[in-house]
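Please keep the sequence and the structure in view while reading.

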Amino acid sequence: MNASVTRTNRKIVLITGASSGIGEATARHLAAAGHHVVLGARRTDRLALLVNELEAAGYSAEYTELDVTDRASMTRFTEGALARHERIDVLVNHAGVMPLAPMSALHVAEWDQMIDVNLRGVLHGIAAVLPSMLERASGHIVNIASTSALRVDPSAAVYCATKYAVRALSEGLRQENSDVRVTVVCPGFTQSELADHGGAAEVQDAVRAATQQIGLPASASAEAVGYAIAQPASVDVSEIVVRPTAQN
Ligand code: NDP
């Protein structure tokens, strides 16, 4: 257990999208800080390997299969954690997809997928943990938006729409609750698998090239999450933007 995390401030942290990229880095960072991490994603083979690795290092972790687009799956994820640990201190909504393409390409199924994972998935997460957090008058919801929640670019219209929405609903949630902390983390270009799935090849190739050139390691955003979580209950770090110095 890390020196700064004691038995009394060790948190039960649920992380969606923990099988790769920023979610995986956040799992590593928070587990190493001494928290217990409950990991969710669809690729359970990867989660199993990660949990084994964390446990072998002396950290505390477990995983559950999770599809954030399915409310019942999200409920199983959070209710299971509640039953085992009697509380959820933090939910980090990382799961996301980014199949970028111009709207004229009419990739309507991928528009739906972005809405379902990036927006509906976050709402499912909030719905699943908010009641128990309100009951305990304590909790923290961390939503991963993007610098695409701050500016719109061509070929990213629907992705940006989902991330603007996540930022908006996070601010509303924050204003509505005086006991539950809400944090939005907006990463810029970050090394991960995000551009490897779907979208228009020329757009995704350009994203991969830019990421290769200036992309941050996933640990940069993971540390931002760790910073927000580590603050006292009276301090809500509402928004953090973590972008490469060279990103325009
Ligand atoms: P990755 O592709 O590496 O990770 C995405 C994660 O989301 C995976 O663990 C994946 O797991 C999970 N996921 C996707 N669909 C679902 C689903 N239906 N149910 C559960 N989990 C799902 O990308 P990043 O780490 O980069 O992305 C993490 C977050 O960061 C996203 O919200 C992304 O939008 C955001 N972001 C990333 C930036 C970047 O440059 N990389 C910049 C700004 C924001 P699995 O497939 O196993 O289910």
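A residue is counted as near a molecule if one of its heavy atoms lies within 4 Å of that molecule. The model shown here is a predicted one, and in it there are 30 residues around the ligand, of which Ser19, Ile22, Arg42, Tyr159 and Ser192 come nearest. Sorted by class, this shell is made up of 14 nonpolar, eleven polar and five charged residues.

Which atoms of the ligand lie 2.8 Å, 3.0 Å or 2.9 Å from N or O atoms of the protein?

| Residue | N or O atom belongs to | Ligand atom | Distance |
|---|---|---|---|
| Arginine 43 | side chain | oxygen | 2.8 Å |
| Aspartate 67 | side chain | nitrogen | 3.0 Å |
| Valine 68 | backbone | nitrogen | 2.9 Å |

On its own the ligand has 870 Å² of accessible area, and the protein covers 95% of this area. The elements that give two or more residues to the shell around the ligand are α1, residues 21–32, and α5, residues 157–176.

The second topic is a pair of helices. Two packed helices are described by the angle between their axes and the distance between those axes. For helix α3 (residues 71–85) and helix α4 (residues 108–136), the axes come within 9 Å and cross at roughly 35°, and the crossing in which α3 passes α4 is right-handed. On the side of α3 the contact is made by Arg71, Met74, Thr78 and Leu82, while α4 contributes Gly121, His124, Gly125, Ala127, Ala128, Val129 and Ser132. By class, this contact of α3 with α4 has five nonpolar, five polar and one charged residues.

Definitions and conventions
Residues are numbered from 1 along each chain as its sequence is written. This is a predicted model: local features need pLDDT of at least 70, side-chain atom pairs count only at pLDDT 80 or more; totals for chains, interfaces and linings use all residues. Side-chain values use heavy atoms; hydrogens and water are left out. Axes are lines fitted to C-alpha atoms, for helices over the stretch in contact, and angles run from 0 to 180 degrees between N-to-C directions. Helices (H or I, at least four residues) and strands (E, at least two) are DSSP runs, numbered from the N terminus. A crossing is left-handed if the near helix is turned anticlockwise from the far one by less than a right angle, and right-handed if clockwise. Contact means heavy atoms within 4.5 Å. Ala, Val, Leu, Ile, Met, Phe, Trp, Tyr, Cys and Pro count as nonpolar, Asp, Glu, Lys and Arg as charged, and the others, Gly among them, as polar. A polar contact is a pair of N or O atoms within 3.5 Å; within protein, one must be able to donate a hydrogen and the other to accept it, and residues adjacent in sequence count only if both atoms are side-chain atoms. Accessible areas come from the Shrake-Rupley method with a 1.4 Å probe; for residues, only the protein chains shown count as cover.
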